[in-house]
Amino acid sequence: MTLGARRALAAASRLFYERGIHAVGVDLIAAEAGVTKKTLYDRFGSKEQIVVEYLADRDERWRAYVLARLERVEAPAPAERVRAVFDASRAWMDDHSPKGCGMVNAHAEISDPAHPAYAIIIGQKQWMLRLFTDLAPEHARTLMLLHEGALVAHGLRVFPDPIEQARDRAVELVQGE
């Protein structure tokens, strides 16, 4: 990827997350990245493809982040591994997602299964469900609900530290096996 394309993707990523996908046009992305619209279209082909690459990059970084956190867990106990996932989510949200989960936010704007970004959004959530299934099969769906609800509540800032509260309930659930 050229330097201009990397700058464009970085600008688009920041703008899409901060302002929303539909609110951000190609003109703004080009201006923020210091490139021409022609450069954007030459590299990405369409705004739709920029959205796809933004979400794919975010998803790839998220998965690597979670897996790296899980690799550092020394205890094989499912509860400790579940705790690590929620702790990773909390750290990620603090560092990268003050407005809530980027995939949930994107889904609010892209709910058409025919949109090429839809598969990335849903794919990340399916990956999370598989992860919870691997960690605690009997509780995977409940863990997923706790996790996703906590991410949404974090973005809405309805009450303090929903991810920690969800983590504590998730650990209690898994320890009760």
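A short chat about the model follows.

Q: Is this predicted or from experiment, and what should I keep in mind?
A: This is a predicted model. Totals for chains and linings use all residues.

Q: OK. How many helices and strands does the protein have?
A: Nine helices and zero strands. From the N terminus on, the order is α-α-α-α-α-α-α-α-α.

Q: What box do the C-alpha atoms fill?
A: Roughly 60 × 30 × 30 Å, taken along the principal axes.

Q: And how much of the protein is buried?
A: 45% of its 177 residues count as buried. The protein exposes about 9100 Å². Carbon and sulfur atoms supply 54% of that area.

Q: What about contacts between residues at least 6 apart in sequence?
A: Of those, 62% join residues at least 24 apart.

Q: Switching to pockets. What's the volume of the largest one?
A: About 160 Å³.

Q: Which residues line the largest pocket?
A: Ser13, Arg14, Tyr17, Glu18, Tyr54, Asp57, Arg58, Arg61 and His96. Two elements give two or more residues to that lining: α1 (3-19) and α4 (47-71).

Q: How does the lining of the largest pocket split by class?
A: Five charged, two polar and two nonpolar residues.

Q: Let's stay with α4. How does its span compare with what 25 residues should give?
A: It agrees, because 25 residues at 1.5 Å a residue should span 36 Å, and the end C-alpha atoms of α4 are 36 Å apart. The expected span takes 1.5 Å times one less than the number of residues.

Q: Which α4 residues are buried?
A: Ile50, Val51, Val52, Glu53, Tyr54, Leu55, Arg58, Asp59, Trp62, Val66 and Leu70. Tyr54 and Arg58, both in that set, also line the largest pocket.

Q: Which residues are closest to its centre?
A: Trp62, Trp92, Cys101, Gln124 and Leu151, out of 15 lining residues. Trp62 is also among the buried residues of α4.

Q: Which elements give two or more residues to the lining of the largest cavity?
A: α4, α5 (78-96), α6 (102-109), α7 (118-135) and α8 (140-156). So α4 is in this set, and in the set for the largest pocket, by the helix assignment used here.

Notes
Residues are numbered from 1 along each chain as its sequence is written. This is a predicted model: local features need pLDDT of at least 70, side-chain atom pairs count only at pLDDT 80 or more; totals for chains, interfaces and linings use all residues. Side-chain values use heavy atoms; hydrogens and water are left out. On a 1 Å grid over the protein atoms alone, a cavity is a set of points where a 1.4 Å probe fits but cannot get out, and a pocket is an open set with protein on both sides within 12 Å along at least five of seven lines; lining residues have an atom within 4 Å of a point. Grid points are joined across faces, edges and corners, and a volume is the space filled by probe spheres set on the points. Helices (H or I, at least four residues) and strands (E, at least two) are DSSP runs, numbered from the N terminus. Ala, Val, Leu, Ile, Met, Phe, Trp, Tyr, Cys and Pro count as nonpolar, Asp, Glu, Lys and Arg as charged, and the others, Gly among them, as polar. Buried means under 20% relative accessible area, exposed over 50%, partly exposed in between (1.4 Å probe, protein chains only). Contact means heavy atoms within 4.5 Å. Accessible areas come from the Shrake-Rupley method with a 1.4 Å probe; for residues, only the protein chains shown count as cover.
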